[in-house]
Amino acid sequence: MAAVKQGPKIVSKSSAGGPGAAGVGGSLPALPIASPLMGKKKKPFLGMPAPLGYVPGLGRGATGFTTRSDIGPARDANDPVDDRHAPPGKRTVGDQMKKNEDEEEDLNDTNYDEFNGYAGSLFSSGPYEKDDEEADAIYAALDKRMDERRKERRELREKEEIEKYRMERPKIQQQFSDLKRKLAEVSEEEWLSIPEVGDARNKRQRNPRYEKLTPVPDSFFSKHLKTGENHTSVDPLQGLGGLSTPYPGSMTPGTGELDMRKIGQARNTLMDMRLSQVSDSVSGQTVVDPKGYLTDLNSMIPTHGGDISDIKKARLLLKSVRETNPHHPPAWIASARLEEVTGKLQVARNLIMKGTEMCPKSEDVWLEAARLQPGDTAKAVVAQAVRHLPQSVRIYIRAAELETDIRAKKRVLRKALENVSKSVRLWKTAVELEEPEDARIMLSRAVECCPTSVELWLALARLETYENARRVLNKARENIPTDRHIWITAAKLEEANLNTQMVDKIIDRAITSLRANGVEINREQWIQDAEECDKAGSVATCQAVIRAVIGIGIEEEDRKHTWMEDSDSCVSHGALECARAIYAHALQVFPSKKSVWLRAAYFEKNNGTRESLEALLQRAVAHCPKAEVLWLMGAKSKWLAEDVPAARSILALAFQANPNSEEIWLAAVKLESENNEYERARRLLAKARSSAPTARVFMKSVKLEWVLGNIEAAQELCTEALKHYEDFPKLWMMRGQIEEQCENMDKAREAYNQGLKKCPHSSGLWLLLSRLEERVGQLTRARAILEKARLKNPQSPELWLESVRLEFRAGLKNISNTLMAKALQECPNSGILWAEAVFLEARPQRKTKSVDALKKCEHDPHVLLAVAKLFWSERKINKAREWFLRTVKIEPDLGDAWALFYKFEQQHGTEEQQEEVRKRCENAEPRHGELWCAESKHVLNWQKKTGEILAGVAGKIKNTF
């Protein structure tokens, strides 16, 4: 670098020495040095390669430079160094650079310590070899070993230090722990009396004032223009081009005169133009609300969603179509609608009017033009269209629609009918506007002009008197012999005038006539017509149609099945008389079919009166005397009507027809016992035990004595019954329950155990025995009994459910959850288990569990009931009611569902809803359900009706879920 610095100095001296030398040596002038190369045009070495060993600048001493090309490519800090044996801290280029930046190691005596030696390593600059690495590993292992030996002592010391620190400086949580414990003693009144935290924000933050925008009057601008006129003019000497203002010459603010009146007029004119554009709508009626016209200005915005380039392409294409084929109506209509969609309504009108000129015979073009034009212009367009197309019905209809006055509409339509008298549509539209008398006159003319229109004939018949209507319908049949509606209307007419004997004749004649004219009798269409007659109140016509067509097109072996389906379809459509007619016809064809009589009886029970049901059942037992259920339905109907002697007489006739029928014996016993004729009931049971001894008869005998309080007689009867029917589990259950009632737990346990030896597969016996042991405090024995029961009866959901509940009642929730998981593995499709599993879960997980339950048991009533209870617990009232309704619809025999539904309505429903649930429950007469059976089969409730049991069960339900 010294050589580089000296070069310029020498040069500067030589260049500056000229004048100085001249001053010293004399006044010799400085002459230019002649160069031998100046006379040549081109230097000979230019363009030639440099000689070997040539270094640029070396001749003038420029040898101190070093460039990147001299020292090689740059190296990254993470690149390894060239030394293969470098120690760990010097193995990369970055480490070497750091080392060089650090100061050299100080090995002075002042840096030496007798015990530790030098502060640094004496040999850190030496090579790091493999034996050094091994030595470091050994020392590290020794340090680790020594650290482990001191670990327990160190951790204990650290723990003590932390405890000491926490005692000196406890956490906030620990400081308030005693106060937290005292919160348990705070009463509800004290808790509610705690004041609310106030709002610490200031008034401006609590009540922010929203920015108010107020329109500024014109006088404000005028005033400020006058005050600021000195600042609005520009000196012409400033700048070169001056300053141009955005105002017109007469409104330059510099003048200080601004005509506010003209600005207001211009603004009003602009608003008037916009409002006129908006009000000039297609339908001819203004779409501007005077109170909110600024909002309605949005209707001017084009509503199309297409791209502008697409619109241009479509416009170009349609223009090409119009020019190529100017007499093609769809091209003009499409072009007008394109412009309408893009918001160019006037262009659309101009186009469609040009289209009417090019296609004057096109109905669609004229209608489109009338649609696009406003009010009076549209009327003129339609008038022009009528001149070109005097036979067009659609144009006349459009002309009538454009008129707002009824008289004008009538005038237009009458003018239309003069030109197009054969149009049914015009006649119907014109008749609808007339009064009844004028309409009758017009229809008389209409049926002459359009004799094949059924609608006009039927409309005329409705307006005529009875005799004239008959003539009209006869004429209609002559003109249109292939339409069934004329015949059905004729039958309705006769029925309405109490001439019911003609109805069947007319319908039969209709079938014959239509077949003679080649009309196919479509059974489904005729049944639909019968349903319409039923809904219109023409019962005789409906029944006549059903009788005439019910057997058409059906194979003999399919008649019963098809007719039952037809009756169900009619019931679902609300056509009860049609269904009754179908059942009546089916009973005539199949008088000895018990199933048809039963279906008809249930239909009358659900949809008819008590008298119609009893009349039907009398006919039924006459044709099917061996059908016990029909006798029993008749007796029950009389009993519910509180006609006990009639019920007895029916059962007496049933005894004659079925002398040893268990059902009839038991029905007679129930009738007497319900009416407090206990001695009669006992005598009947004694006769039944002698003439028709069955397990159920003995069971009812025991039950009667038990509920009447004759415990000894009940026990004797039970012992006698078990001699004959020891494999009937209900007898063993009753024996054990009687002993339990008498507080004889040992005898009850013995009865259950004896019963289980004879009936090991009775789940009820196992459950009673386990509950007995649980009641006396033998929880372990109850658990063992249930385990034994599950071994004897695998895949029994009731036993698994009782095991789960046993553990839950004992407070062992974890065990109950485990048992439930095992139960669901063994019985994955059990609804009662899934329903219980939902409420075993914590509240946040219940919804997920209910979804799993619905996936496994979608139509199980217990699962549906659990979902309803879940919604009830979450206070989702409407959803809960919906799921309760779904449950009782799927399984109306489940008493628990009715009881929970009734309890739900008591809490959240009206009195009408409660009454509706009670009535539906009484009609359904449920007999099953855990809660329901516990109430209904209790000895004290044996005479209670369904409604009383419902109220009793609902009263015992607690909302613990």
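Let's start with Ser193. Ser193 is exposed, with a relative accessible area of 53%. Here, exposed means over 50% relative accessible area, buried under 20%, and partly exposed in between, with a 1.4 Å probe and protein chains only. This is a predicted model, where local features need pLDDT of at least 70, side-chain atom pairs count only at pLDDT 80 or more, and totals for chains, interfaces and linings use all residues. Residues are numbered from 1 along each chain as its sequence is written, and side-chain values use heavy atoms, with hydrogens and water left out.

Where does Ser193 sit? Ser193 is in the loop between helix 8 and helix 9 (203-206). Helices are DSSP runs of H or I with at least four residues, strands are runs of E with at least two, and the numbering goes from the N terminus. A polar atom of the Ser193 side chain lies 2.7 Å from the backbone oxygen of Glu190.

Next, Trp191. Trp191 belongs to helix 8 (residues 188-192). Trp191 counts as exposed, because its relative accessibility is 52%.

Now the whole chain. It has 51 helices and 2 strands. Of its 961 residues, 34% count as buried.

On to the rings. How many aromatic pairs are found in the whole structure? The search finds 9. Rings of Phe, Tyr and Trp (its six-membered ring) pair if their centres lie within 6.5 Å; planes under 30 degrees apart are stacked, over 60 edge-to-face, and the rest tilted.

Tyr678 and Trp942 form a tilted pair, 6.0 Å centre to centre, with 45° between the planes. Tyr678 lies in helix 35 (residues 678-691) and Trp942 in the loop between helix 50 (930-936) and helix 51 (946-956), so the pair ties together parts 264 residues apart in sequence. Tyr678 is partly exposed, at 24% relative accessibility.

Phe884 and Phe901 are stacked, because their ring centres are 5.4 Å apart and their planes are at 10°. Phe884 is in helix 47 (residues 877-890) and Phe901 in helix 48 (residues 895-908), 17 residues apart. Both Phe884 and Phe901 are buried. Ring pairs also link Phe884 and Phe901 into a cluster with Trp872 and Phe904.

Note on methods:
A polar contact is a pair of N or O atoms within 3.5 Å; within protein, one must be able to donate a hydrogen and the other to accept it, and residues adjacent in sequence count only if both atoms are side-chain atoms.
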